[in-house]
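Visitor: I am new to this structure and should be grateful for a guided reading of its features. May we take them one at a time?

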Amino acid sequence: MVTGSEFDKASAAAHEALEAFRVASSRRDKATEDLRRVQCLAVFKYLTPGPDGEEWEIETECGRRAGHEGDHDERATVETVHDATFESLVNDRGRFGMEAARAGREFDEAQEALAALECGDTTSSALGCCLRLGHDGDHVCPTHIEIVA
């Protein structure tokens, strides 16, 4: 049986992890928007050797600063950025992307920990009872609308 305080603690941790994920995702999305406003987003293809010796055609976006000189080729995927402002935007996008990924993993772990303490009875709904294991009374199952909200 799970105590109410154990369940409440796990539930609070899951809510905190969700909020941290939302904040990190928002930062990542803003950094992505900021970077894309100054990027050349031309789509191009290039050939690269595959592991079997055959050439593979790769399709990608340029990613260099808009208005760059030169062709769209495989160098556009590995070229070093020399503009400090653009490089800062690239670094911000990478850092905030990693933070959002970490926050997402932490949210998943908190959700798993909470789910391990939930009743989960599916006799009245495929979504399962969301009350703690060993609860008294009727099962309570969220609706699809409650899950989205």
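Guide: Let us begin with a pair of residues: P49 stands opposite E55 in strand β2. Strands here are DSSP runs of E with at least two residues, helices are runs of H or I with at least four, and both are numbered from the N terminus. The model is a predicted one, in which local features need pLDDT of at least 70 and side-chain atom pairs count only at pLDDT 80 or more, while totals for chains, interfaces and linings use all residues. Residues are numbered from 1 along each chain as its sequence is written, and side-chain values use heavy atoms, with hydrogens and water left out.

Visitor: In which sense do strands β1 and β2 pair, and over how many bridges?

Guide: Two strands are said to pair if DSSP finds at least two bridges between them. Here β1, residues 43–49, and β2, residues 55–61, pair in the antiparallel sense over seven bridges.

Visitor: Which residue in the hairpin of β1 and β2 takes a positive phi?

Guide: The hairpin has five residues between its strands, and G53 takes a positive phi near 90°.

Visitor: What pattern does the chain follow along the sequence?

Guide: The chain has three helices and two strands, and the order is α-β-β-α-α.

Visitor: How does the span of α1 stand against what is expected?

Guide: The expected span of a helix is 1.5 Å times one less than its number of residues. Helix α1 covers residues 4–38, which is 35 residues, and reaches 52 Å from first C-alpha to last, close to the expected 51 Å. For α2, the end C-alpha atoms are 49 Å apart, which agrees with the 50 Å that its 34 residues should span at 1.5 Å a residue.

Visitor: Which residues of α1 are buried?

Guide: A residue is buried at under 20% relative accessible area, exposed at over 50%, and partly exposed in between, with a 1.4 Å probe and protein chains only. In α1 the buried residues are F7, A10, S11, A14, A17, A24, S25, A31, D34 and L35. In α2, the buried residues include F86, L89, F96, G97 and F107. Over the 149 residues of the chain, 25% count as buried.

Visitor: What covers these buried residues of α1?

Guide: Contact means heavy atoms within 4.5 Å. The cover of α1 includes α2, residues 84–117, and the cover of α2 includes α1 in turn. One example is A10, which touches L114 and L117 when residues up to four places away in sequence are not counted.

Visitor: Which residues make up the largest nonpolar core?

Guide: A nonpolar core is a set of buried Ala, Val, Leu, Ile, Met, Phe, Trp, Tyr and Cys residues joined through side-chain atoms within 4.5 Å. The largest one has eight residues: V2, F7, A10, A14, A17, F107, A110 and L114. Helices α1 and α2 are the elements that give two or more residues to this core, and α1 supplies the largest share, four residues.

Visitor: Where does the charged end of R95 sit?

Guide: A charge sits over a ring if NZ of Lys or CZ of Arg is within 6 Å of the ring centre and within 35 degrees of the ring normal. The charged end of R95 sits over the ring of F96, 4.6 Å from its centre.

Visitor: Why does L133 count as partly exposed?

Guide: L133 counts as partly exposed because its relative accessibility is 33%. This residue lies in the loop between α2 and α3, the latter being residues 144–148. Leaving aside neighbours within four places in sequence, L133 is in contact with M1, V2, A116, L117, E118 and C119. In sequence L133 and A116 are 17 residues apart, and their C-alpha atoms are 8.6 Å apart in space.

Visitor: Where is V140 found?

Guide: V140 is also placed in the loop between α2 and α3. At 40% relative accessibility, V140 counts as partly exposed. Beyond neighbours within four places in sequence, V140 is in contact with G128, C129, C130 and L131.
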